[in-house]
Amino acid sequence: MSELDAQIPTAYDPFAEANAEDAGAGSSKEYVHIRIQQRNGRKSLTTVQGLKKEFSYNKILKDLKKEFCCNGTVVQDPEQGQVIQLQGDQRKNVSTFLVQVMNDFTSLVL
């Protein structure tokens, strides 16, 4: 029976390392999630969530709409909090915009 026990593979958790790091040092990494949602046909929505709560979402939305010539809105989600929605596939535009303007986000704070 010892041979049979040796052949049983052990469970490998590929996320054990990441979970240990998150729970360990007490550092909560905050990520900004930029996603796309297909509507119908070629129509799509770009959603931005995970921005800090002290930022003014309406001012950020206003700048994004002006920069990319698209329409958008701020939606209150019960689980995710405030989410910015933009028309079209704006993933690359939003990511470069946020990286470039990250230093000047203090002007967008309430």
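A nonpolar core here is a set of buried Ala, Val, Leu, Ile, Met, Phe, Trp, Tyr and Cys residues joined through side-chain atoms within 4.5 Å, where buried means under 20% relative accessible area (1.4 Å probe, protein chains only). The model is predicted, so local features need pLDDT of at least 70 and side-chain atom pairs pLDDT 80 or more, while totals for chains, interfaces and linings use all residues. Numbering runs from 1 along each chain as its sequence is written, and side-chain values use heavy atoms, without hydrogens or water.

**Exercise 1.** Work out which residues have the most contacts inside the largest nonpolar core.

*Solution.* Start with the core itself: it has 15 residues. Next, pick out those with the most contacts inside it: Leu 51, Leu 64, Ile 84, Leu 86 and Val 94. Then look at the suppliers: H3, strand E4 (81-87) and H4 each bring at least two residues. H3 gives the most, with five.

**Exercise 2.** Describe how H3 and H4 cross.

*Solution.* First find the axes: those of H3 (residues 57-68) and H4 (residues 91-101) come within 11 Å and cross at roughly 120°. Now name the contacts (heavy atoms within 4.5 Å): Asp 63, Leu 64, Glu 67 and Phe 68 in H3 meet Asn 93, Val 94 and Phe 97 in H4.

**Exercise 3.** Is Cys 69 buried or exposed?

*Solution.* Locate Cys 69 first, in the loop between H3 and strand E3 (72-77). Its relative accessibility is 72%, so Cys 69 counts as exposed, the cut-off being over 50%. Finally, check the backbone: Cys 69 has a positive phi of about 50°, though it isn't a glycine.

Definitions and conventions. Axes are lines fitted to C-alpha atoms, for helices over the stretch in contact, and angles run from 0 to 180 degrees between N-to-C directions. Helices (H or I, at least four residues) and strands (E, at least two) are DSSP runs, numbered from the N terminus.
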